[in-house]
Amino acid sequence: MSNINNHGVSMNNIELSPHLQELTCEQAAAIQGGAKIQLFLGANFTGKSLLLTINKAGLSKKLTGQFNNSISSAKVLSGRWVLNTNGDGSGLFVEIGPRKAQYPRFEKVLNNTISFAKATVA
């Protein structure tokens with residue numbers, strides 16, 4: 001390591017731009033662990049919560065048990081999500097995200113009706 005400067009190469013003269021690519025927030029989130037969302041049973045992020053992490057866009061999760069048809073609020077931690085009222089990904093839906101976003105209360109039509117979560121951008 002001590003002889004790295006003895007080779008006559010200046011790090012200031014190396015052009016990196018052809019090798020670098022700007023990332024969107026969604027792409028950076030995917031590199032850091034995928035799309036993440038925290039779903040809450042109560043409004044204003046109260047009650048029990050469920051943390052979903054999906055590492056590839058297009059993957060989904062059917063909500064079961066106490067979280068099926070019981071979600072009232074959500075925090076998008078990374079990525080972009082579609083939440084549906086039917087467990088097969090159909091029905092009414094809401095698109096949320098990208099980036100960090102908070103949804104303290106879903107509209108009446110979606111409150112306590114969400115059964116399906118899909119990461120559209122991980």
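I started at Thr64, which sits in the loop between strand 3 (60-62) and strand 4. The model is predicted: local features need pLDDT of at least 70, side-chain atom pairs count only at pLDDT 80 or more, and totals for chains, interfaces and linings use all residues. Residues are numbered from 1 along each chain as its sequence is written, and side-chain values use heavy atoms, with hydrogens and water left out. Strands (E, at least two residues) are DSSP runs, numbered from the N terminus.

I checked the accessibility of Thr64. Thr64 counts as exposed because its relative accessibility is 51%; the cut-offs are over 50% for exposed, under 20% for buried and partly exposed in between (1.4 Å probe, protein chains only).

Next, the hairpin. Strand 1 (residues 35-42) runs antiparallel to strand 2 (residues 46-54), and seven bridges join them. Strands pair if DSSP finds at least two bridges between them. I found Leu51 as the bridge partner of Gln38. Three residues separate the strands, and Asn44 in the turn has a positive phi of about 60 degrees.

Of its 20 residues, Ile37, Leu39, Trp81, Leu83, Ile96 and Phe106 touch the most other members. Strand 1 gives the largest share, three residues.

Last, I listed contacts (heavy atoms within 4.5 Å) of Leu39. Beyond neighbours within four places in sequence, its partners include Leu50, Leu63, Phe67 and Leu83.

Definitions and conventions: Helix = DSSP H or I, 4+ residues; strand = E, 2+ residues; numbered from the N terminus. Core = buried A, V, L, I, M, F, W, Y, C linked by side-chain atoms within 4.5 Å.
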